[in-house]
Amino acid sequence: MTAFTQGLYYERQGTLVESTGLYGDSSVRRVDIASGQVLQKESLPSFWFGEGITMARGVCIQLLWREGLGLIRDPRSFTLKRTFPLPQGMAEGWGLTHDGAGTLFASDGTSEVQVLDAATLQTRRCIGVHAAGKPLGQLNELQWVHGKIWANVFREDRIAVFDPSSGEVEYFVDCSALLDATARARLGFEDVLNGIAYDVAGDRMFVTGKCWPFLFQKDCRRNVAEVRAALVHGG
């Protein structure tokens, strides 16, 4: 998976829906996990920068970075059905996830996460995410796992896990050991940790980064402490 990953979503047939970024190179694509083969790809116009992505209510929803828009796509063909304006209060589109029960969660690079109605795409409320009593900014890619939200922190090798009710960060997952020194030396400045997907049925977590050569898989086994420890050790 050598792409500028901005968003990941796991599909139960063993594929990932991936949103990639950069102006002139953004896309939405379907990737086979086992082989890494790109099965399907739909490029975005050169003036659009792809960001977070998820599936909800029978459609594929993709955010754009600074264009003030989100995209509604057909979940199989990725054909663009329509666009929608980002809700008031979202300066940019960054990460996107859903809880499987009609609610979307969207980040814009600040410490705030917008809670959206998946049907109307309007804001229900805003979560102020904080750690040790201080706002935690630069929240990026999001993923709903076991009733908590996992969030990449931009330019940091850690994932914040917070309670969506209170916004309080319960712990951080240290991902600094995932790539060795050789792999990191080949990456550019922008090629940071970014991309979380969760397999509900298999209870597996997938983690990657922008232009990273690997996709890491962890078996949660209904125990978030176990996946946290495994990611810390890079095993």
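Four strands, in the order 5-6-7-8, form an open sheet with antiparallel pairing. Strands here are DSSP runs of E covering at least two residues, numbered from the N terminus, and two strands pair if DSSP finds at least two bridges between them. The model is a predicted one, in which local features need pLDDT of at least 70 and side-chain atom pairs count only at pLDDT 80 or more, while totals for chains, interfaces and linings use all residues. Residues are numbered from 1 along each chain as its sequence is written, and side-chain values use heavy atoms, with hydrogens and water left out.

- Strand 6 (residues 59-64) pairs with strand 7 (residues 69-73) in the antiparallel sense, over 4 bridges.
- Within that pairing, Ile 61 stands opposite Ile 72 in strand 7.

- Strand 3 (residues 27-32) is joined to strand 4 by 5 bridges, and the two run antiparallel.
- Val 31 has Val 38 in strand 4 as its bridge partner.

**Salt bridges**

- The structure holds 9 salt bridges, a salt bridge being a side-chain nitrogen of Lys or Arg within 4 Å of a carboxyl oxygen of Asp or Glu.
- One of them joins Arg 30 to Glu 11, with the closest N and O atoms 2.7 Å apart.
- This pair links distant parts of the chain, since Arg 30 belongs to strand 3 and Glu 11 to strand 1, 19 residues apart.
- Both Arg 30 and Glu 11 are buried, where buried means under 20% relative accessible area, exposed means over 50% and partly exposed lies in between (1.4 Å probe, protein chains only).
- Arg 30 and Glu 11 also belong, with Arg 76, to a network of linked salt bridges.
- Lys 148 forms a salt bridge with Asp 163, the closest N and O atoms being 3.8 Å apart.
- Lys 148 lies in strand 16 (residues 148-153) and Asp 163 in the loop between strand 17 (158-162) and strand 18 (169-174), so this contact ties together parts that are 15 residues apart in sequence.
- Lys 148 counts as partly exposed because its relative accessibility is 23%, whereas Asp 163, at 19%, counts as buried.
- The side chains of Arg 204 and Asp 199 meet in a salt bridge of 3.0 Å, N to O.
- Arg 204 is partly exposed at a relative accessible area of 22%, while Asp 199 is buried at 5%.

**Positive phi angles**

- Most residues other than glycine have a negative phi.
- Ala 132, which is not a glycine, has a positive phi of about 55°.
- Ala 132 sits in the loop between strand 13 (130-131) and strand 14 (134-135), and is exposed, with a relative accessible area of 84%.
- Asp 203 likewise has a positive phi, near 55°.
- Asp 203 occurs in the loop between strand 19 (193-199) and strand 20 (204-209), but is buried, with a relative accessible area of 4%.

**Nonpolar cores**

- In soluble globular proteins, nonpolar side chains tend to be buried together.
- A nonpolar core is a set of buried Ala, Val, Leu, Ile, Met, Phe, Trp, Tyr and Cys residues joined through side-chain atoms within 4.5 Å.
- The largest such core has 18 residues, of which Trp 150, Ile 159, Val 173, Met 205 and Trp 212 touch the most other members.
- Strand 17, strand 18, strand 19 and strand 20 are the elements that give two or more residues to this core, and strand 19 gives the most, with 3 residues.
- A second, separate core has 15 residues, including Val 113, Ile 127, Leu 136 and Val 153.
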